[in-house]
Amino acid sequence: MSGSDWTALVITCKTKEYADAIQAQLEMRQKLGELSKGLMILCIEDPQEGLGSGGATLNALLVVTELLSAKNNYTVVTSDVLKGAKILILHFGRYFPYNPLGRGFVSLALSPEVGESDCLMTNFDALFKTVSTNLAYNSPPGLWVSSSDMLISFPHNYAINWDSVNINDGAVCISVPSTKQYASYHGVYKIGADNRVKDLIFRGDDAQISACTLNSTDDLVPLATGIVFFSTFATERLLTTHNTPPLDACTYMGIDSGMDPLCLSLFFDILLALATDVNEKEFIKGQRSGAFGQEDKKPLGKDKQLMRNARSVLWKHLRDLPLTAVHIDVGSHCYLDMSEPPSKYCDVLLNQCPEISGFKPSKQVHSYVHSNSVIGDNVLLINSIIESGVAVGSNTTIIHSHITENMVIGNNCYLCGIDKHSSIAVPNSNIPSNSSIIGTYVNSPTTARVFVSMHSQEKLLSNDDNVEDITVNAMGENISTQSNVVKPEVEHAKLLPFSYRNVLAKASFEEHRSTLFMAKLVPMLHSNQDVDISDSMVLLKKHISKTEYEKWLSSVRCSFCEVLENVNHMKEFKYGMNMYFDVACEKITEILMQNHDISLLPYFKMFTVNGEHGRVLELLDQIAIDSVSGNVGLKKRPDISARAFACIADVLGFMAGAKGGLRSGPASNKQWKQPLHYLEEGKIEEGVKALANIRKSWINHPDQLTRAARHYEGAEQILIRHAVMSVSSFVKLVPSVQAQSNTWYIAECPARIDLSGGWTDTPPVCYEHGGAVVNAAILLDGKRPIGARIRKLDTPVVLLTLLGQDDSSTQIIECTTKEQFSDYYQPQAPGALLKACFILAKIIDMESDVSLENHLKDEYGGGFELQTWSMLPRGSGLGTSSILAGAVMSVLYRAAGYSADADAIIHSVLLVEQMLTTGGGWQDQVGGCIGGVKIGRSEKILPLHVTVEMLVLTDEQAEKFNKHLKLVYTGKTRLARNLLQNVLRNWYARRTEILDICKGLKENAEHCAVAFSEGSIERVGKCVETYWRQKKMMATGCEPEVCARMMEALRPYCYGQSLCGAGGGGFMYVLMKEEHPNDFIRDILKNIKGAQDAVVYNVEIDRVGMVCHKSPISH
C-alpha cells in the first residue's frame, strides 16, 4: 500500500510557517507519485502553544472531519464522513537540534536497492511507508495517530494480521520489545492475557517496569511506540468531545471562541482512561495524568480543576472502549533524543535506520565524491558534494553540505547544512576532530546561513559542572575555552520554551538556563563586520585570538534554542532541494559520460516537479556536446550524445504530463529541419544549440512539449546512426571483375525465425549492453522466399523492379538522375531500400557533381536493372527487409566488381538500415544470409562488430527439428514501428525491469544454443517459451488478442511457441511435442475467433543460407 488506501493525511505542527513548508513538501511528493493523487493532505498548526499530543489529535480530527464534511456537501460537521474513512495523523512536535527541519525530516542512510538513481528517504517517508505497509495494511477504517520523534522498523515483509486482532470498536496500541533500561526513559504497556491494556507506565521505576514483562523467561517489556489506532466507532466517540467544555479549549473552535487554553496528553489523558487497572478517582484527580504520567502535586487551582473537569468528560465518553495491544516482537524503536550528543545521533543514523522495502543501508546517499579525495572509515555522506582533494576523517557524518576542494575534516565530526560559500570561509580549510557544525536559515535580518558549533561529545542539555567562564590568560593575547558555555551569557538566557520542557524529566526549568542549548553563543549579526561560519567556529578552538573573541563578544548572539525556534523552514527546505539538484547534476554527468546502467528518470521527475527543468535541460545539452567534442579526455562518443537527447525527450515528456498525448509520432516539422541537418552532418554543437533555441518556444503547452520530445527522439536516432556507422570498418571487399552483359547475378535467401535473444541485437542495446541471438534459416514450402538479381543495361539508367505476386503488383521505378535517389532515407518512399543499397555500394555517388548518366557510362559502361522479390506477406516478422537488403548488397557488390563474404554483408545491411532511418538490428541478416542454426553476438563496445557461431546439428537432429516445427501465418498484420520506439525509450531510461530483461534475453540465448547443440527439442522449447515472455515484457502490446487465443489453444500440444520478430502479428512458430500434419494445426485454429485467415506452412531448416549464382539472359 503506497497510501492509496488513505483518505486523509494530517500533519500537526507548532507554527503556520512550519505547516505551510511541510504542506509544500507533501504536495511535491504527491506530484512525484509517492503519495496517491486522491489523498487529502492537511498540514495544520496547533491553535495554541503546548497543546499536547491529545489536544493536537482532537483539533486535527475536528479539522479533517470538517473538511471531509464540506467535500461531501454537508453544511455542518458530521461524523458520518468517518464511516469508511482511513485517516493518519502525524504529530511533528518539538524541533530537533541536529536537523533544523525537525525529526520528521531527518534524512536517513538508505539508498534504493538496485538500478535506480538515488533519492532521499526522510523519517516522514519511512514512517509513512511503515505505517502503510506494516501496520495499516488491510486494517479496518478508522484513525491512526503517530508521533514522528522516533525511528521505528519492522521487517519489510511483515504485516499485522487484522483478522486476529480483537478490536471490539475500541482502540489498538502498537508495542515493540524493549530492554528495561531503554524503557525506563519511555513508556511501556502493561498487557493482560487477553491483550487488553491494563496500564501505561511512563519512565517508571524498576519494579513498575518489571511488572510489565510479557513472560517470566523474557527480560523484555512492551514499549509504547507512539502509534495508536482508533476504530471508526472510537474515533466518533473521541470527536464528540470536541464541543464539550472544557475539551473544546483543545481545538481551534474553542480558542477562537475565547476559551482558556488546555493541554491534553494523548496517552495520559485519553488512552489512560481505557486502561483496565486505572480507576476513575485516580484518573480524574490526575494521580496518573500529570507530567510524564506522574501525579501533579501542585495545589488545586483553576488550571488543575479545569484538567480534572476535562478528564471527567473523557472518562465518561471513552471508558467503555477497550484498548487492545498489538505487540510486534520483530519490531524495533529508536527515539531521536536531543539530550544525547551529536556523536550519538551519528551512530543512530549509521546503525539504526528502519528497514524499508526497496531500500538498503548505505554510507553514501545521493552524494558525489570527486577524484583525489580521501574518505575515512565509517563515514556517512547524505545529499552532499565532496570536491577534489578533500580529506574526511573516520566516523564523520556530513549531511546537506558542499565541501570545497582541499578541505581537511577531522575524525568524529558532524556537519549539517554547510553551503559552498560557507565552506570556502572555513578558516584554513580545516575542521578539527570532534567538531559538530549545524547551519540553517533563520527568520532574522541576516540573509546568510546561521551556524551553531559545538563538540561532538557534548550534551546540549547537561547541567553539570562543565559550565565555566572564558578567561584571558596572563599575556592577555589568547583566550582559553574550557567549554563552549559562557556564564554571563547563560545568566540572561530565557527559560526553556514549553515545547522542550519534557526533555529532562528531573531537572527544574531554572536549571536549563545553564545548558549549552540555552546559552547565547551563536553569532548572527555584527554592527560593522560580516558574520560567517568562522565566527561560530571560534568556540571549537582550544585557544582563540583576542580579536576573534572581541568580535564574537560584540556580535548579536542567540542561543541554539532560539535558532531552532526561528528556523525559516520554507527556505531551509529549498536549500536542501538545491543541494539535491547540485548533487544530481554531478551524478547525471558521471552516469551519462560513463554510460552507466542507472535510470535517471527519478532525477528528471524531481527537476520537473520542482520547476527546475531548465537547469537539467541545459546540463543535458552540454553533455551532448562534450561527449563528441574530444575535449573531456574521451574519444568521440555519439552513443552518449544519443542518450543525452533521449534524456531531454524524457524531461520534456515529464513536463507535458498526461495532457501531452502519446510520445510516438512524426518528427519532421520544418522548424526543426535545420538543427537535425546539422546533426546529420556531424555538426553536433551547432545542432544542439539550434535544437535548444527552438525548444524554448515549444515549452508553453503540453502538446508542443510532446512534439518537441518526438523531435529529440529523432535527434537521438541520428546519433545512433552515427554510432552504428562504426561498423563500416568491418565491411571488407575484395576487388573482382565487374558484371558481364547478358547475365543475371542472383542471390536467393531463406527467411529466419528468432528462437531467443531478440531485441539485444537492436542498436543501441547491441553495443551498450551487448547482444546474443539464436535464430534459424528456414525454407517455406521448400523454397527460399527472398531474393534479388541484377543485370547490366546498355542505357545509363537504373531500373528498380519490385516484383509482386503477379504483374499487377509489380512496381517499376526508372531513375535517370541522382535526384531521384535523394529520398533513400525515407522508408516509405518507393524503392527507398534499393536506393540506399545502391548508394552504399558506391554505384551511386550522391556527393559527385557528375551526372548519373555520365557516371554510369564512365564507371560501368551503362546502367543496371535490379529486381527484388519476397513471397512473404508484409509485416511477416521473418526478417524480410533486412534479408532482402543482404541479397541486394550481395548482387550490387558483384555488379560493381567486388566480392563480399558473409561478414561484410551482415555489417553492410546494418549500414543500410541506418541510412534508411529504420534503426534495425543485425539478427535478421545473420538469420537469413547464413544457413542453419547459429548464435550471433555483439560486444558491449563501439565500433559495433557482429560475430557468428554455427550450432552444429547432425542430419538426424535437423530432421527431428523439422518434423516438430510448424509455421503459422496469423493473418494479423504486424506494426512494429511504435514497438521499436517504445523499446528504445525504455532502454534509454534504463528502467530496472528493462535491464533485467535484456540480461535475461542474453542468458536465455546462451542456454538455447546449448540446448540445440545437445539436440534437446524440449529444452529448446522451454527457451522459446521464456523468450516469448521476455518479448512481451520488452515490448508491451506485441501480443494481439487473436494471437493470444491461438497460442492458448496450441499450448497443450507444444514445447514452446512465439510470434516471430518483434511480435504484434505476422508469423508465429510452434515447436510441437509430437509430429503432426499441418491439418492438425488448422483444425485447432479454425474454431478460434479471428483466426480464420491463419495459414499453416511447411517449413524446414535451410542449412545452406543465401545462394548466389548467375544465369544467362535468354532473348
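Reader: How many salt bridges does the structure hold?
Author: The model is predicted, with local features requiring pLDDT of at least 70 and side-chain atom pairs pLDDT 80 or more, while totals for chains, interfaces and linings use all residues. Residues are numbered from 1 along each chain as its sequence is written, and side-chain values use heavy atoms, without hydrogens and water. A salt bridge is a side-chain nitrogen of Lys or Arg within 4 Å of a carboxyl oxygen of Asp or Glu. By this rule the count is 42.

Reader: How far apart in sequence are the parts that Arg237 and Asp320 tie together?
Author: Arg237 forms a salt bridge with Asp320, with the closest N and O atoms 2.7 Å apart. Arg237 belongs to helix 6 (residues 232-240), whereas Asp320 is in the loop between helix 9 (302-318) and strand 11 (323-327); helices (H or I, at least four residues) and strands (E, at least two) are DSSP runs, numbered from the N terminus. The pair therefore ties together parts whose separation in sequence is 83 residues.

Reader: Is Asp320 buried or exposed?
Author: Buried means under 20% relative accessible area, exposed over 50%, and partly exposed in between (1.4 Å probe, protein chains only). Asp320 has a relative accessible area of 53%, so the residue is exposed.

Reader: Which residues join Asp1079 and Arg1082 to one another, or rather, in which helix do Asp1079 and Arg1082 lie?
Author: The side chains of Asp1079 and Arg1082 meet in a salt bridge at 2.4 Å, N to O. Being three residues apart, about one helical turn, Asp1079 and Arg1082 both lie in helix 34.
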